[in-house]
Amino acid sequence: MVDPLPLVRDVLDKQIYDVNDAKVGKVDGIVLLPRKGRPPRVLAIESDIPCALGRVWRPLRRCAERLQEWIAPEIAGPTTIGFEHVVKSGIDVQVGIDAKRTNAFVWDAWLGHIVALIPGGKGRGEKGE
Amino acid sequence: MAKRANEIRLEDLLGRRVRTADGRNVGRIEEFRARREGDYWVVTEFDIGPNALLGRLAARHLGITWPGRNRGYRASWEQINLDDPRRPTLNCPVDQLKQLR
Amino acid sequence: MILQLALGIVTAIGGFIDVGAIATTALAGALFGYQLVWAVLVGTLCVILLTEMCGRLAAVSHHTLADAVRERLGIRYFAVPLFLEVVVDTMVLAAEIGGVAIALHLATGIDYRVFVIPAALALWSVLWFGNFSVVENGVAFLGLVAVSFVFGMWEMRPEWGDVARAAIPSLPSRDAAQYWFLAISIVGSVLQPFLLNFYASGAVEEKWKIKDLWMNRTVAVFGMSFGSLIAVGILVLAAVVIGPRGMHVDSFEQAVFTLVAPFGEWGLSLFVASLAVACFGAGADLSLNLAYLVSQGFGWNWSENLKPHEDARFALVYSFAILLAAAVVMFADPLKLTMVTMALNGAVAPFIVFPLLIVMNDKAYLRDQTNGLLTNVLTSVVILIAFVIAIVAIPLEVLGG
């Protein structure tokens, strides 16, 4: 029988990589579904700054959520990946999907549009040339 | 993924005190052990107590263990009641829990 | 490979010498002669041990110290060193930008505040438009001008026997609070927490692997040792040149004499160049480290080799940090800021070194390259030193700063 997976030691707080080896974020939260008469199901992993900050101090979660909603309400929200997509875990968590199909990169993309307006933000050729 | 009403967060349970039915403290939840069941993963066991924390921190590589006889427990899923996630309780007597070494 | 090694050593020298090392050693030499050489050596031994471990962690696991601390100890613990390091690193960054501005003031006579914004802008531009090699290797080679302190020390022919004897710790004969405050500040200026994660991040940027472990050890030992030699050079020069004249190093203007005495007119140019480049390089390292810390802590995409729009959050963190630091130094005296932050470095160190010990014994990260018994014992001693510094730093700052 395969050893059970320790979720706190091997999943929570770990770096998430997708099928393209892109950094998706850290596992800031794990969602469980308690079920009557059956073991709780592990539903999903979440990557979300408010979730991470809320684990440090609960009021920070609400502050961070409000700040995100104020800055960009159309993109505020956690990145949630179904646990069935978790392929491997240990030092890192590998998920078997392309994270571009999720909202994992929306903040980088949104901020990237602003950064691209600053001279040098988009760059030409290799960086540093 | 739409949020279901009765979803709970693992990190909200992590560190919560588990008590017996009559209110005695058993220890804090420090680890959740999951197994694959078909397409899904399910939590099959909960580690409770200080040795579970040390194991999670890999501090045992440094030879650090909790002193004393009571180093923690491993409870299977049916031995813990999560109806109120803020106050998890045991469904069985403490002596039915597996002791962690 | 030799070139890579040389670059690594030069970069490590550059990371060692900054406004803190220059200010604390110059002040120590002026007030207590050679007596605090041992503090430089203690800090150097500590930083060699710790940077070697951070480089090993990065080469084997391809994870940095910030990654490993978050992943192994969780966000609740990680938040503490993250917060402390962000605050202290921003203050040190302000001091480094101030150091560049002071250097330009020494060269031109114009108030240093005029140069704060241009210095900050130049720093930001190098990071925004350059890549990791340009930032590190380019600045590091320019920073070799600081070797003039070693040549200056040689030129002034100090009593080498007395210098050697000062390698052994001694008690002060006067001004004990100030003596120990300076000792802690020197150790804090050498054992700067930002160096550890920055070194590991650089190793990941340079894609170090297990086969590079020998280079990691060589760079850590020789790079930090040569940097230490420069710091000792500054201290000895201050002891020989400034101390006997009864001068105090209240400002960088007095520290200039450390190179004017051996080199005459050229001394001012050499001091200005050394201060400017050392501070600029350290400023670049600090800015990047702030971005590394936050990005690695939250799992964002990060690399100085990516264009800013490709890792926008990373680029915006260092941009904002430089802006904030420039604002701080407009209102704070750079030398006073330097002395305060070097002591604070010491206070923050235990929160970063302690988790390093845990991580370095984790086979999941280090495989068969975990710490041996001797390394664990030595690291525990460093943690003890760091805790003592953390406890006494603030009181000593009040009493002796």
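This is a predicted model: local features need pLDDT of at least 70, side-chain atom pairs count only at pLDDT 80 or more; totals for chains, interfaces and linings use all residues.
Modeller: Residues are numbered from 1 along each chain as its sequence is written, while chains are lettered from A and ligands numbered from 1 in the order in which they are written.

Biologist: Why are α4(C) and α15(C) called roughly perpendicular?

Modeller: Helices (H or I, at least four residues) and strands (E, at least two) are DSSP runs, numbered from the N terminus. Axes are lines fitted to C-alpha atoms, for helices over the stretch in contact, and angles run from 0 to 180 degrees between N-to-C directions. The axes of α4 (residues 65-108) and α15 (residues 312-331) of chain C cross at roughly 65°. Angles under 35 degrees count as roughly parallel, over 145 as roughly antiparallel, 65 to 115 as roughly perpendicular and the rest as oblique. Therefore α4(C) and α15(C) are roughly perpendicular to each other. Their axes come within 8 Å.

Biologist: Is the crossing of α4(C) and α15(C) left-handed or right-handed?

Modeller: A crossing is left-handed if the near helix is turned anticlockwise from the far one by less than a right angle, and right-handed if clockwise. α4(C) passes α15(C) in a right-handed crossing.

Biologist: Which residues in α4(C) and α15(C) meet?

Modeller: Contact needs C-beta atoms, placed from the backbone, within 7 Å. In α4(C), C:T90, C:M91 and C:I97 are among the residues that meet α15(C). On the α15(C) side, they include C:A321 and C:L324. The contact has 10 nonpolar, two polar and no charged residues. Ala, Val, Leu, Ile, Met, Phe, Trp, Tyr, Cys and Pro count as nonpolar, Asp, Glu, Lys and Arg as charged, and the others, Gly among them, as polar.

Biologist: At what angle do α2(C) and α11(C) pack?

Modeller: α2 (residues 19-32) and α11 (residues 213-242) of chain C pack at about 35°, with axes 7 Å apart. Their crossing is right-handed. Residues that meet include C:A21 and C:I22 in α2(C), and C:A231 and C:I234 in α11(C). By class, this contact has 13 nonpolar, two polar and no charged residues.

Biologist: What makes β3 and β7 of chain A edge strands?

Modeller: Two strands pair if DSSP finds at least two bridges between them. Four strands of chain A form an open sheet, in the order β3-β2-β8-β7, with mixed pairing. β3 (23-26) and β7 (86-89) are the edge strands: each pairs on one side only. Neighbouring strands are turned by 25° against each other on average, direction ignored.

Biologist: How many bridges join β7(A) and β8(A)?

Modeller: They pair in the antiparallel sense over three bridges. A:V93 in β8(A) is the bridge partner of A:S89.

Biologist: How many residues of chain C are in contact with chain A?

Modeller: 31 residues of chain C are in contact with 26 residues of chain A. On the chain C side, the largest share, seven residues, comes from α4(C).

Notes:
Two residues are in contact if their C-beta atoms, placed from the backbone, lie within 7 Å.
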